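Colleague: Thanks for making time for this one. Could you walk me through how the labels on this model come about?

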Amino acid sequence: MTVLEEKFLKSNKKIKEFIDSKAIKEISKEIKEITSHMKIEWAPINIPPRRRIQTLAAGIYVYVFMFLPFVSMLLAALFVLYLNYVGRVLMLIYLTYIYFDHKNRASALDGIGWKSMRNNFMTDHLRDYFPVELVKTAELTPDRNYLVVSFPHGIFGTGIGNNMGNNIGKWMKLFPGIRPKIATLDIHFRIPFMREILRVWGLVSCSKQSLMYYLKKSNDPKHPDNRDGFTSNAVGLLVGGAEESLESHPGRYVLVLKNRKGFVKIAIRTGSPIVPSFSFGEVDIYDQVDNPPDSMLRKFQSFVKHWTGVSPLIVLGRGFFQYTFGFLPHRRQIVQVMGAPIDVKQMDEPDMEYVNEIHQKVIDSLNEMFEKYKHKYIKNAEKTKLVIR
């Protein structure tokens, strides 16, 4: 046996001893335990094309809302910097128009918007992805305007976003003659390009000026604003807003409502009935990094929200081809239940005692709705409580 062969055999023996040693077995055990938690759950290859299209529709929906503000602002900056003289002038005219249109009219767009954008092949598949349902419990007549207050906000407000925003076919069947519109952050309507997309989707500013404009609209079928065949507006408002999105965790129903009474004052000023709405399952489509109220993460999120109006959420969803991580929502059913309208007396200057009375009626209605339907639409309903802060 040569010296080289002898060294090779000794090396193999040492390697075998190391592999068989207790230390390496412990290390292997720990690595297996860690990787077991990190294991990626891939989507099956033989998923039907219909479900693939639904996933694509959900991805487009999420990424549009995530990146549209940044892409819109970037495009506007590039146009101003790099277009020729005529292009720059046109862009500046457009920016000036946005400024004055929003200042004077809150970027209001009368009518139903583009039906082709609010009901089409892709939005139908987006609805079916979760799926999203709409349940009617009371009649809404098209001779009045309504303020629909929706809870909980969740991460995106997906239930109301589908039913009253980008897929309104079901709404129009259940509530004929009533235009569905959703109020969102006012700042979105100051961003070029983005505002146009939101407006044709039926979104409106949540500012007082905007809400008053739509809720005061005429219900006369012969009025010029009702040439689209609708005679009423229903404006959906996610009252809890960004603050409530911080409370969104699967299985937890926490509403931010006790100190929010501005919507009641607007309803009273316009004489519009308030329609409480509850989206069961809204909180289940995303996990969120744990952020207790006293944590450093929550304090940072609250700080950013205070200055920007937007909560920087750290959400955990799924991907296009795997279920372990990503920005896509999980497939969880969302059922938006529309409650009975709460009538209000019209007052130009609402009395605070009356505001508190109506506000309590909204709280009572939400509690009643939650207890009535939670056993039908929530798993572990007995252990699930509604918390109103």
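Modeller: Gladly! Let's begin with a term: contact means heavy atoms within 4.5 Å. Please keep in mind that this is a predicted model.

Colleague: Which residues of helix 10 and helix 12 meet?

Modeller: From helix 10, Lys-208, Leu-211, Met-212 and Leu-215 take part, and their partners in helix 12 are Ile-266, Arg-269 and Thr-270. Sorted by type, this contact holds four nonpolar residues, one polar and two charged.

Colleague: How do the axes of helix 10 and helix 12 run relative to each other?

Modeller: Helix 10 covers residues 208–215 and helix 12 covers residues 262–270; their axes come within 10 Å and cross at roughly 35 degrees. The crossing is right-handed.

Colleague: Why is Gly-281 called buried?

Modeller: Buried means under 20% relative accessible area. Gly-281 has 1%, so Gly-281 is buried. Gly-281 sits in the loop between strand 7 (274–280) and strand 8 (287–288). Leaving aside residues up to four places away in sequence, Gly-281 touches Tyr-253, Gln-333 and Ile-334.

Colleague: And how much of the chain counts as buried?

Modeller: Of its 389 residues, 47% do. The chain exposes about 20,900 Å², with carbon and sulfur atoms supplying 62% of that area.

Colleague: How many helices and strands does the chain have?

Modeller: There are 14 helices and 11 strands.

How values were computed. Residues numbered from 1 in each chain as written. Predicted model: local features only at pLDDT ≥ 70, side-chain atom pairs only at ≥ 80, totals over all residues. Heavy atoms only, no water. Axes fitted to C-alpha atoms, helices over the stretch in contact; angles between N-to-C directions. Helix = DSSP H or I, 4+ residues; strand = E, 2+ residues; numbered from the N terminus. Left-handed = near helix turned anticlockwise from the far one by under 90°. Nonpolar A, V, L, I, M, F, W, Y, C, P; charged D, E, K, R; others polar. Buried < 20%, exposed > 50% of the residue type's maximum accessible area, 1.4 Å probe, protein only. Areas by Shrake-Rupley, 256 points an atom, 1.4 Å probe, with all protein chains shown as cover.
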